[in-house]
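This report describes the pockets, the ligand site and selected backbone features of one protein model.

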Amino acid sequence: MDPESPNRNLAPITAELDPQGRLQVGGCVLSELAQRYGTPLYVLDEQSLRQACRAYKKALEQHYPGPSLALYASKANSSLAITALVAAEGLGLDAVSAGELLTALEGGMPMERIVLHGNNKSAEELSLALQNGVTVVVDNWRDIELLQELAEGRSETVPLLLRFTPGIECHTHEYIRTGHLDSKFGFDPDQLEQVLTHLAGCSWAQLKGLHAHIGSQIFELDPHRDLAGVLADAFVLARSLGHNPTDLNVGGGLGIRYVASDDPPSIDAWVKVVAEAMAAACQARNLELPRLLCEPGRSLVAAAGVTLYEVGSRKHIPGLNTYVAVDGGMSDNPRPITYQSEYTACLADSPGAAASESVTLVGKHCESGDVLLKGLPLPATKAGEVLVVLATGAYNASMASNYNRIPRPATVMVGSGRSELVQRRERPDELLRYDVLPERLRSVG
Ligand SMILES: *Cc1c(COP(=O)(O)O)cnc(C)c1O
């Protein structure tokens with residue numbers, strides 16, 4: 001257990017066994033939470049999340065001699081409660097849509113600590129950002145066109161970061177790799193000079209800095225080291241073209257431990273490499289240290305979360321496979337079917353019991369690919385027992401769907417023996433709320 005760096009743990013930092021050997025998190029027995037709030041249930045450990053925020057802050061202060069700010073990439077898990085907690089810990093926040101932006105503002109994140117990302121922002125989203133003084137990450141010419149129109153007639157300038165693809169390869173899944181040149185995000189580096197020159201002529205634009213993000217779930221440190229030089233070069237270029245930037249934003253991407261064999265760097269080790277590389281790259285170019293921004297998502301929230309399911313049916317095919325089904329699946333955790341992601345799971349009330357079989361853990365959706373885990377060693381299980389999947393705090397709730405018209409789960413936040421509902425469970429009847437049945441289709445018989 002590494003309390004300093006929750007991203008290196010399989011379970012939340014407060015996970016322990018109660019005297020009966022049942023797994024508890026934040027002082028709450030997980031099977032009791034399942035009983036009280038129903039399943040599937042997302043459980044978020046407040047202490048793990050706070051600890052990860054503090055680890056970023058502390059490491060930035062320790063390893064970077066200039067100003068710095070960590071921004072929570074809220075697409076990892078967006079809610080009012082998480083926003084409020086992250087804001088209270090002094091972090092900023094990345095939003096990618098009007099919905100994430102509204103959540104940030106309503107959750108109490110100060111506008112000057114919010115940035116709006118996106119490779120295809122709508123005029124409405126940009127307008128919301130402008131009205132609220134949010135920094136916009138300019139991703140493409142269309143952003144500039146729309147901002148130009150929206151900025152007309154306004155007296156205030158628009159704070160901007162400019163995103164470009166740094167041309168850095170790293171080893172992660174193709175869908176979550178963004179740093180190589182063939183990516184939909186950001187300007188091509190060949191276009192940097194042209195766009196910086198254009199922005200220098202826009203009186204409404206206030207270029208605050210540059211941004212690049214190389215991908216997600218990355219265990220290597222070298223790509224982040226290389227990124228510092230690429231960003232510092234762009235900083236020099238921006239200055240030479242008449243801008244006065246102050247910020248360099250290295251994006252997010254630090255990986256977490258999903259299975260025992262994963263060995264990601266700690267938050268401290270990652271920040272140290274990024275900070276030292278940035279300081280060195282700036283010194284080598286005679287630059288005053290810019291404000292260093294980073295945008296962790298997964299490494300802040302993933303290990304804080306677990307998902308509770310109730311075990312239901314089973315199908316044993318002699319000599320072939322044993323399927324054990326739970327009451328959720330790809331609608332509450334689309335990562336296995338999307339990225340072939342691996343997870344770790346155990347029984348809530350006997351996490352340490354010796355395994356007697358190896359099962360394929362499946363969901364309840366009409367899809368053969370609705371598999372949460374393969375080769376899961378489990379003791380004999382009965383229907384009704386509570387099963388825990390670990391490290392589901394990132395990219396689960398935020399990617400959840402209503403496939404098969406299954407309501408999305410509730411989220412409870414736990415800490416010091418207290419549990420609080422922070423997102424309530426949808427009901428099946430609520431899923432009909434947005435349907436409209438034209439009168440002429442109404443059945444008469
Ligand atoms: C997804 C994303 C992040 C967060 O990535 P993690 O791997 O979750 O840390 C940060 N910045 C940008 C621009 C992103 O797209």
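## Second largest pocket

Which helix gives the largest share of the lining of the second largest pocket? That share, 3 residues, comes from helix α4 (residues 98–106); helices (H or I, at least four residues) and strands (E, at least two) are DSSP runs, numbered from the N terminus. The second largest pocket holds about 560 Å³ of space and is lined by 23 residues, with Arg408, Pro409, Gln423, Arg424 and Glu426 nearest its centre. By class, its lining has 7 nonpolar, 9 polar and 7 charged residues; Ala, Val, Leu, Ile, Met, Phe, Trp, Tyr, Cys and Pro count as nonpolar, Asp, Glu, Lys and Arg as charged, and the others, Gly among them, as polar.

## Basis of the model

This is a predicted model, in which local features need pLDDT of at least 70 and side-chain atom pairs count only at pLDDT 80 or more, while totals for chains, interfaces and linings use all residues. Residues are numbered from 1 along each chain as its sequence is written, and side-chain values use heavy atoms, with hydrogens and water left out.

A pocket is an open set of points on a 1 Å grid over the protein atoms alone, where a 1.4 Å probe fits, with protein on both sides within 12 Å along at least five of seven lines; lining residues have an atom within 4 Å of a point. Its volume is the space filled by probe spheres set on the points, which are joined across faces, edges and corners.

The largest pocket contains about 650 Å³ of space. Its lining comprises 31 residues, of which Lys75, Val96, Phe185, His213 and Tyr395 are the closest to the centre. These lining residues divide into 10 nonpolar, 14 polar and 7 charged. The ligand takes up the space of this largest pocket (more than half of its atoms lie within 2 Å of the grid points).

Around the ligand are 15 residues (each with a heavy atom within 4 Å), and Lys75, Ser216, Glu295, Arg298 and Tyr395 come nearest. This shell divides into 3 nonpolar, 7 polar and 5 charged residues. Ligand oxygen atoms make polar contacts (N or O pairs within 3.5 Å) with a side-chain N or O atom of Lys75 at 2.7 Å, a polar backbone atom of Gly297 at 2.9 Å and a side-chain N or O atom of Tyr395 at 2.6 Å. Taken alone, the ligand exposes 390 Å², of which the protein buries 94% (Shrake-Rupley method, 1.4 Å probe).

## Backbone features

The peptide bond from Thr39 to Pro40 is cis, with omega near -10 degrees. Pro40 belongs to the loop between α1 (30–37) and β4 (41–45).

Ala391, a residue other than glycine, has a positive phi near 60 degrees. Ala391 lies in the loop between β18 (386–390) and β19 (410–415).

How values were computed: A polar contact is a pair of N or O atoms within 3.5 Å; within protein, one must be able to donate a hydrogen and the other to accept it, and residues adjacent in sequence count only if both atoms are side-chain atoms.
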